[in-house]
Each structure stands twice: as structure tokens, then as C-alpha cells.
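Me: I am new to this structure and would like a close look at a single part of it. Please take me through the aromatic rings and the helix packing that goes with them, step by step.

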Amino acid sequence: MNDDKLMEFVHKFVGDLGATIGAGGVVIGDRLGLYKGLTAGPSLPEELAERTGTAPRYVEEWLRGQAAGGYVEYDPASGRYSLTEEQAFALTDPDGPIFAPGAFQLALGALRAEPQITEAFRTGHGLGWHQHHEDVFTGCERFFRPGYSASLVAAWLPALDGVEAKLRGGVQVADVGCGHGASTVLMASAYPDSVFTGSDLHPDSVDQARKRASDAGLDGRVRFETAGAQSFGGGPYELVTTFDALHDMGDPLGAARHVRSKLTPDGTWMIVEPAAGDSVGANLNPIGRVYYAFSAFLCVPSALSQEGGYSLGAQAGEEPIRRLTADAGFTRFRRAAETPFNIVYEARP
């Protein structure tokens with residue numbers, strides 16, 4: 001055994017262990033407003049505790065751990081802690097283009113199901129999305145919404161052939177697997193002459209989506225239904241969207257065929273999926289690691305819990321999705337846009 005390689009691996013393990021337990025600190029800092037409290041300026045633990053209505057001794061230990069992890073800054077001369085502009089950007093604005101606490105909330109929520117997932121590994125059975133802790137649903141929205149806010153209206157929809165002009169003119173749109181409705185509300189707010197229907201299998205998420213749409217003043221132009229991708233109603237639609245949802249479906253081919261049947265002859269299916277290469281080797285990187293881990297806890301179990309019992313997984317890559325659309329009767333397919341975290345595909349009849 002090579003001792004240097006052993007110590008290299010031990011250092012990696014220690015870093016991962018710190019990141020794993022440190023996830024709880026990020027969620028606590030978000031929920032208690034500790035990060036936002038630091039935006040007031042460099043603070044002693046007692047000052048931050050006073051500002052946030054928390055206990056100084058806990059805050060002191062939290063700050064030390066956050067500084068050790070690089071999430072806050074520490075000045076030994078003054079004993080004060082602070083946030084850099086970049087840290088504040090990623091840690092304090094849930095509506096910004098990057099919001100790290102949402103990702104950690106999703107991860108911790110998913111890990112709560114470890115006993116059930118361990119058993120699923122033994123049996124091959126699935127675990128339904130609805131069986132997870134509520135932090136999975138809330139964290140999922142808070143994790144994905146920043147990327148949608150930054151790119152959906154500004155880049156992704158304009159990248160589709162002729163779709164933005166249709167949206168401005170007024171068309172019917174279906175958002176399939178809409179979750180809490182973040183994507184639906186973003187599109188409906190940007191295109192007031194179009195009408196949107198969101199659907200999701202999870203009733204509690206649909207209820208939350210209705211509330212989000214109502215709070216945004218979209219009553220009458222947005223409706224939601226509890227339905228799967230193989231059974232959503234309405235149409236015909238000029239645009240059907242699926243955001244980070246196709247790989248969670250137990251019968252993705254059935255879903256693709258149903259989408260095809262609900263589109264107008266010149267309609268478009270916008271498929272937003274996690275960024276991935278077409279081989280395992282192409283995904284052996286930090287982003288692939290994140291998505292494979294989430295996939296094992298959330299995506300694959302969700303798909304295997306549904307009729308069909310098939311799972312693409314979060315790192316399927318472009319070619320399986322291309323084949324799926326062709327098998328469903330789509331004749332045109334292309335990669336329309338991408339970010340470090342997502343790839344946007346356009347499928348046409």
C-alpha cells in the first residue's frame with residue numbers, strides 16, 4: 001500500500017466529512033438569519049446573536065465552523081466575523097442566480113430517507129417522491145429556482161425556434177412536473193398574453209403552486225392539476241415544458257408519447273435536464289458527483305416507485321433523451337442551450 005496515496009485519500013475523506021456535517025450549519029444559518037445578520041458588517045458572536053435573537057454560545061461555535069469551512073471570514077485581530085461580497089451573494093439572496101442554502105436543505109432532506117433507501121437497495125423497490133421529508137420539496141424549489149430565474153426567460157425560451165414570439169402573441173402552455181410552480185410562475189409573469197397549466201403528481205406541491213401563482217397575481221391565467229406526465233389534461237399546447245423532471249419518471253417513453261399527443265402540429269417540447277455527458281467517464285467530476293448522489297436518493301427511487309419501473313437517472317445524458325423523443329414520434333431534436341448545471345433540449349413533431 002502506498003502511504004502517500006493513503007494519506008491523500010484520508011485528507012479527501014476528512015474534507016468530505018466536514019462538508020457533510022457542515023451542511024447542517026448552512027441550513028441553520030439560513031433559517032435563523034445568521035448569514036443575513038452578517039451583512040450588517042463585521043460582528044462579534046455576541047453582536048450577531050443579539051441581532052438575530054439567538055444564543056451567543058451557539059452562534060460563537062457556528063461562526064468558528066463557518067470560518068473553518070470558508071463560508072465566513074474571521075479577523076483574528078478584532079475577533080470579528082464577516083461575509084465577503086461573494087459569500088453574501090451566494091448565501092443570503094433566495095431570489096438571486098445562486099443560492100447555496102437551498103441546495104443544502106434539499107440534500108439534508110434527502111438524507112433523512114437513508115433507512116428507506118438502504119432497504120430499497122436490497123429489494124429494488126422504489127420510494128415515492130411524496131414519501132420524502134418536506135425539506136426535499138422546499139429545498140428542491142430553492143435549489144432550482146435561482147437557475148430558472150437567471151436563465152429561463154432571458155436565455156432558454158429565446159433559444160427555442162420561434163417559441164418566444166408565440167408566447168408574446170398568446171398561446172397555451174403546459175408545465176409538466178411543475179413542483180411548487182416556480183417555472184410556471186416565471187413564464188406566466190413574463191408572458192401575460194399566454195395561458196399556463198401546471199401539473200404534478202404530488203398534491204401538496206400542487207397546492208403550494210396554486211398559492212404561489214395567486215400571490216403573484218396570476219389567478220385566471222394559470223391553473224394547476226394533480227396529474228402525472230402520462231395523463232395531464234388540456235391542450236392542444238404550443239409549448240410543453242419539463243424542468244428537471246423527465247429523469248424522475250417511471251415511464252419516460254409514455255410521458256414523451258403523451259406530450260407528443262398534446263402538442264399542436266408545430267408545437268415544441270422544451271426538456272430541461274441536469275447537465276451530463278453521454279458516458280460515466282464524462283460525468284466523473286464535481287457536478288456529476290452531486291447529481292449521481294441526488295439521483296440515488298431521489299430520482300431513481302422515485303422512478304422505480306411508479307408504473308413502468310424504468311429510470312433514466314439524473315445523469316442520463318443527451319443520447320438517451322434523443323432516442324426517447326424519436327421513439328415517441330418526434331422528428332426534430334437539438335440541444336438549444338446549456339449552463340453548468342442544466343442542458344435545454346428542443347423536441348418538435
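Reply: What follows goes through the aromatic pairs and then turns to one helix contact. Please keep in mind that this is a predicted model.

A search of the whole structure finds 12 aromatic pairs, and one of them joins Trp-129 and Phe-137, a tilted pair with 6.0 Å from centre to centre and 50° between the planes. Phe-137 counts as buried because its relative accessibility is 11%, which is under the 20% limit for that word. Another pair is made by Trp-269 and Phe-330, whose ring centres lie 5.4 Å apart with the planes at 40°, so this pair is tilted. It links distant parts of the chain, since Trp-269 sits in strand E7 (residues 263–274) and Phe-330 in the loop between helix H14 (318–327) and strand E8 (332–338), 61 residues apart. Trp-269 has 1% relative accessibility and therefore counts as buried, and Phe-330, at 5%, counts as buried too.

Helix H8 (residues 134–159) packs against helix H10 (residues 182–190) at an angle of about 30°, the axes being 9 Å apart, and the crossing is right-handed.

Technical notes. Residues numbered from 1 in each chain as written. Predicted model: local features only at pLDDT ≥ 70, side-chain atom pairs only at ≥ 80, totals over all residues. Heavy atoms only, no water. Phe/Tyr/Trp six-rings, centres within 6.5 Å; stacked < 30°, edge-to-face > 60°. Buried < 20%, exposed > 50% of the residue type's maximum accessible area, 1.4 Å probe, protein only. Helix = DSSP H or I, 4+ residues; strand = E, 2+ residues; numbered from the N terminus. Axes fitted to C-alpha atoms, helices over the stretch in contact; angles between N-to-C directions. Left-handed = near helix turned anticlockwise from the far one by under 90°.
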